[in-house]
Amino acid sequence: MKRIYAKEELCVNCRLCEVYCKTAHSLSKDVLTANKYEEPAPVSRVTVYGDKYISAALNCRHCDDPKCVKACITGAMTKDKATGIVYVNEDKCIGCMTCLAVCPYGCIKEGKTAVKCDLCRNEDEPACVKNCPNHALVYTDLGGENE
Amino acid sequence: MPVNYIPRRFSVIRDKDLCINCGCCVRQCSNECHCFAGDGKTVLSRSDECVACHRCVDLCPTGALRIEKYVCDYRENANWTPQYQQQICRQAETGGVLLSGMGTPKPYPVYWDKILLNASQVTNPSIDPLREPMEIRTILGRKPEKLTVEKKGKSTVDMPPQVILETPIMFSAMSFGSISLNAQKSLAMAAKELGTLFNVGEGGLHPELEPFTDRAIVQVASGRFGVHSDYLNNSRFVEIKIGQGAKPGIGGHLPGEKVSVEVSDARMIPEGSDAISPAPHHDIYSIEDLRQLIWAIKQATGNKKPVSVKIAAVHNVAAIVSGCARAGADIVAIDGFRGGTGAAPERIRDNVGIPIELALAAADQRLRDEGIRSRISLVAAGSFRCSADIVKAIALGADACYCASAPLIAMGCHMCRTCNTGKCNWGIATQRPELTKRLNPDIMYKRVVNLINAWNHEIKEIMGGMGINSVDSLRGNRLMLRGIGLNEKELEILGIKHAGE
Amino acid sequence: MKYVIIGASAAGLACALQIRKEDKDGEITVLTKENYLPYSRPSISYYLKGVVKENNMYLRKPSFYAQNNINIVTGAEVKSIDREAKTVKAGRKVYPYDKLCLCTGSKPFVPPMKNVEGKSNALTFLDLDSSKAIKAKAGKSTRAVVIGAGLIGMKAAEGLSKICESVDVVELAPRVLPSILDEKSAKSVKKFLETEGHIRFHLGQTVTEAKSKGDRITSVILKNGKELACDLLILAVGVRPETALAEKAGIEVNRGIITDPGTMRTSDENIYAAGDCAVSVDMLDGSKRVIALWPNAVNQGTAAGSQMAGGCIAIEKSYSVNAIDFYGLRICTCGLINAQGDRYTDKIIREGESYKRLIFEGSRLVGYVLINSSANAGIYTSLIETKADISALRGNILDTPGPFMFDRAEREIRMKGALPL
């Protein structure tokens with residue numbers, strides 16, 4: 001399945017991916033409103049780690065055998081059989097964050113419910129990939145296992 | 001510094017209604033003009049070191065920033081302008097030669113803007129470039145005096161080595177050191193796709209550019225950086241750099257801040273030391289010495305490549321070009337005083353040299369008068385800002401044009417003229433890895449290709465409008481030009497009539 | 001192949017799912033004494049709090065079971081296992097099996113107290129029915145007393161504090177949440193809970209007897225003699241593994257059903273056990289104990305199911321990991337948090353409301369307690385699980401963990417699955 005991979009050698013630590021992720025997961029879908037005025041403030045699913053010398057963006061790896069799905073106590077976290085995307089059913093999620101405590105990549109964020117990347121399911125290209133100014137994020141299928 | 005003699009040049013204006021405090025500008029400015037306030041949440045700007053490179057402006061997701069000239073009024077003085085006053089203050093502080101980057105910004109006349117082009121009307125009708133083939137391919141090299149053919153039309157002349165370009169535009173010399181490897185790679189990739197050449201400059205050839213050596217012009221400059229037999233042979237042609245338009249009479253200058261480990265390897269000099277090329281080649285003190293060097297290079301390259309000589313446009317440029325042609329050069333490149341640079345003493349950049357328009361016209365005419373025009377290809381350099389400039393240059397006699405500042409602008413350069421500090425926020429004129437990674441060759445080379453393709457298209461349109469379908473018919477065709485607002489002398493040197501005549 | 005599973009919670013469902021994954025044709029029967037299809041037990045405290053509705057607690061849509069040919073029989077309490085005949089009996093029905101899995105879970109432990117048993121307003125809090133009963137009996141004027149300040153007791157107290165007039169919590173240990181908090185963090189958590197929930201704590205105390213009127217308790221008396229008015233008594237002292245069925249059938253039991261730690265097979269080669277009723281081997285210190293946590297039950301159920309179906313999934317690593325929140329205070333714990341001895345060292349960082357304690361054995365991380373500092377806790381968990389050498393990591397381990405703790409080669413693997421881009 002296609003996943004997002006970050007190229008450290010091209011990431012310039014601008015963090016625009018985070019800005020556009022918040023925008024894509026907001027109600028207004030407008031970069032100014034989403035990042036400044038919307039309440040509750042949308043949370044970015046992707047996080048850039050590192051500093052100006054070396055940095056990279058990390059988002060959910062959509063593992064083939066996800067630890068978070070196994071750990072979820074309500075069954076809110078599931079892996080879509082068709083697309084492979086691991087996503088949170090917000091009606092079922094009670095916000096216990098057990099998933100956060102087992103994700104070995106540290107990709108799950110705290111919110112009222114668990115917050116994580118959903119590969120922008122309703123779009124053809126994730127917002128972070130589309131808006132990276134240096135093409136440091138690629139959306140591609142590497143063919144192998146990822147856990 | 002308790003007393004700041006010079007006010008800052010620019011102010012960053014932040015629109016608080018648009019700023020989302022994402023901090024992108026904070027992280028992108030190598031001059032540290034933005035920072036987070038104590039609470040870690042609000043972004044503030046301190047414009048002291050702003051150079052107006054626009055990196056923050058162009059990356060801001062909500063367009064909340066703009067740069068404004070910081071006007072701190074001095075008493076009006078047409079003679080002692082604020083600029084001259086501030087330059088004196090800088091020298092009073094440092095005791096040093098003022099350095100700057102890119103071409104001279106002084107308001108000397110730009111002759112391209114005073115030359116107009118012809119178009120066909122009734123007689124000799126226009127040609128439609130969308131429907132008719134337009135030839136803009138250019139061939140550089142010494143042409144034989146006479147062409148003899150045998151019965152079937154095959155040439156019986158021994159042709160000296162030639163270089164075929166798909167466009168009359170080449171990329172001018174920018175050394176590795178003055179610009180980053182990523183920038184050079186972008187130019188190399190663009191040159192390959194466009195079917196033209198890029199000039200490696202005097203910094204030696206970086207190993208990562210080896211796949212592009214068939215597109216490379218290598219330079220033998222006065223410092224002889226990186227010059228060895230492999231270097232000469234892995235090229236399309238060799239250029240002896242006698243001078244550069246931005247700083248005639250002195251050698252290249254690479255400040256120590258920009259001499260990284262890689263630069264030091266490529267140039268074979270110690271890391272962190274200033275790389276200052278000597279003013280003259282210390283083995284060229286006369287035209288005969290130049291002739292010797294040209295023949296030595298031809299021998300070293302098996303007589304398979306043309307040899308070019310690059311000179312700065314100065315007084316007597318016509319005589320110098322003639323001398324070079326007679327010394328055996330196959331190509332002579334004239335670099336006008338508007339030419340760009342990575343670092344040059346400001347006074348020399350702004351006061352030495354003459355415009356390429358005049359130099360080119362004078363040189364071309366002199367060679368024709370002496371009957372030796374076909375011995376060399378003339379390449380013009382020194383600030384071509386658009387395709388019309390190129391058309392005019394060719395009409396004045398150029399075989400091809402060298403462009404450098406324009407492709408850099410395509411790659412993000414905003415002409416802030418601080419290349420010599422090595423803190424280029426666009427990853428062009430720097431060696432700092434955290435800055436050079438901002439220039440992704442896969443993205444940038446496409447922009448350069450787009451630019452040159454656009455210019456090629458425009459050149460074809462203009463030529464078609466003139467009723468000619470080959471760049472050969474444009475070359476040296478002064479009748480296609482008319483001057484406007486030029487005096488008698490200027491018209492005479494340019495060899496063109498005034499508009500209306 | 002006939003598969004029978006007793007118990008339809010975390011372990012039971014995981015077992016059934018794994019069997020179906022590996023055996024498309026076998027007959028799967030899941031027997032549960034509750035009257036509900038598999039639901040999320042831990043959610044009952046959120047149900048009590050009013051955060052989640054009953055129909056969102058079910059782990060799968062009802063149609064799922066028919067679609068996957070899994071037969072769930074509710075209201076079927078298994079009373080005996082006949083190992084020779086390979087059958088189990090629930091009510092009057094007899095279910096034959098080729099492979100059997102015991103996922104009977106936990107039962108509440110009620111310590112001896114005078115006059116408490118059988119009273120209508122003394123309730124345990126372990127399943128949906130008890131949660132519904134508590135909700136029904138709790139009102140604005142109710143004065144509630146919760147015995148036990150552990151995970152279950154505190155979740156009950158939190159839920160009740162929103163509905164009732166007062167909540168008193170009685171706990172034997174000298175600190176709140178004794179199983180997951182350490183001395184150093186429990187003090188500030190107690191203060192927070194007192195302030196946010198208006199809960200009154202009685203630590204180091206037990207209830208010795210209750211006073212009643214008819215079948216309703218009216219007050220309880222503590223060991224120190226204090227009397228607390230009580231309209232609703234919640235018994236949440238702790239749980240014990242439900243092993244009665246196994247014991248009766250002669251399967252080896254020692255404070256939990258003894259199993260092979262990898263395959264979850266019991267002393268009977270056709271019977272497996274998984275979840276709260278089974279003993280786990282904690283990978284961190286080798287101790288054998290029941291790890292009564294959801295992820296552990298799921299892992300064990302999956303392994304048991306795979307083994308029963310002839311597959312090869314086995315448990316390699318068991319350890320405890322827990323994430324819970326009270327009034328917005330988020331607590332994450334993992335591993336050996338109350339480890340004693342010179343072998344163990346710890347590092348603590350406190351910043352305003354947040355507290356982070358990491359426990360080490362030599363150069364390995366073996367546990368953590370995170371209060372309001374659980375960002376990327378899963379990375380710490382993976383360090384514990386993989387027994388990573390902490391000295392090889394970059395940066396300060398007390399900072400929020402991230403991919404740059406690891407060197408370039410390790411990052412390649414973590415972020416790309418070690419495939420070249």
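These notebook entries record what I looked up in a predicted model.

**Conventions.** I number residues from 1 along each chain as its sequence is written, and I letter chains from A in the order in which they are written. Because the model is predicted, I kept local features at pLDDT of at least 70 and side-chain atom pairs at pLDDT 80 or more, while totals for chains, interfaces and linings use all residues; side-chain values use heavy atoms, without hydrogens and water.

**Entry 1: strand β1 of chain C.** Four of its five residues are buried, so the strand is largely enclosed by the rest of the structure. I take buried as under 20% relative accessible area, with a 1.4 Å probe and protein chains only.

I then looked up its partners, where pairing requires at least two DSSP bridges between two strands. β1(C) runs parallel to strand β2 (residues 27–31) of chain C, with five bridges; C:K2 has C:E27 as its bridge partner there. Between β1(C) and β2(C) the chain passes through helix α1 (residues 10–22) of chain C, in a right-handed β-α-β crossover. Right-handed means that, with the strands pointing away from the viewer, the path from the first strand over the helix to the second runs clockwise. Strand β7 (residues 99–102) of chain C is also parallel to β1(C), through four bridges, and C:L100 in β7(C) stands opposite C:V4.

**Entry 2: nonpolar cores.** A nonpolar core is a set of buried Ala, Val, Leu, Ile, Met, Phe, Trp, Tyr and Cys residues joined through side-chain atoms within 4.5 Å. The largest has 170 residues, among which C:L160 and C:Y368 touch the most other members. I noted that α1(C) contributes the most to this core, with seven residues. A second, separate core holds 109 residues, including B:F198 and B:L439.

**Entry 3: C:S131.** I found C:S131 in helix α4 (residues 128–137) of chain C. C:S131 is buried, at a relative accessible area of 0%.

**Entry 4: domains of chain B.** The domain assignment, whose bounds come from an automatic or database source, gives domain 1 (10–96) and domain 2 (138–145 + 165–476). Their C-alpha centres lie 33 Å apart. In contact (heavy atoms within 4.5 Å) are 14 residues of domain 1 of chain B and ten residues of domain 2 of chain B.

Notes. Buried means under 20% relative accessible area, exposed over 50%, partly exposed in between (1.4 Å probe, protein chains only). Helices (H or I, at least four residues) and strands (E, at least two) are DSSP runs, numbered from the N terminus.
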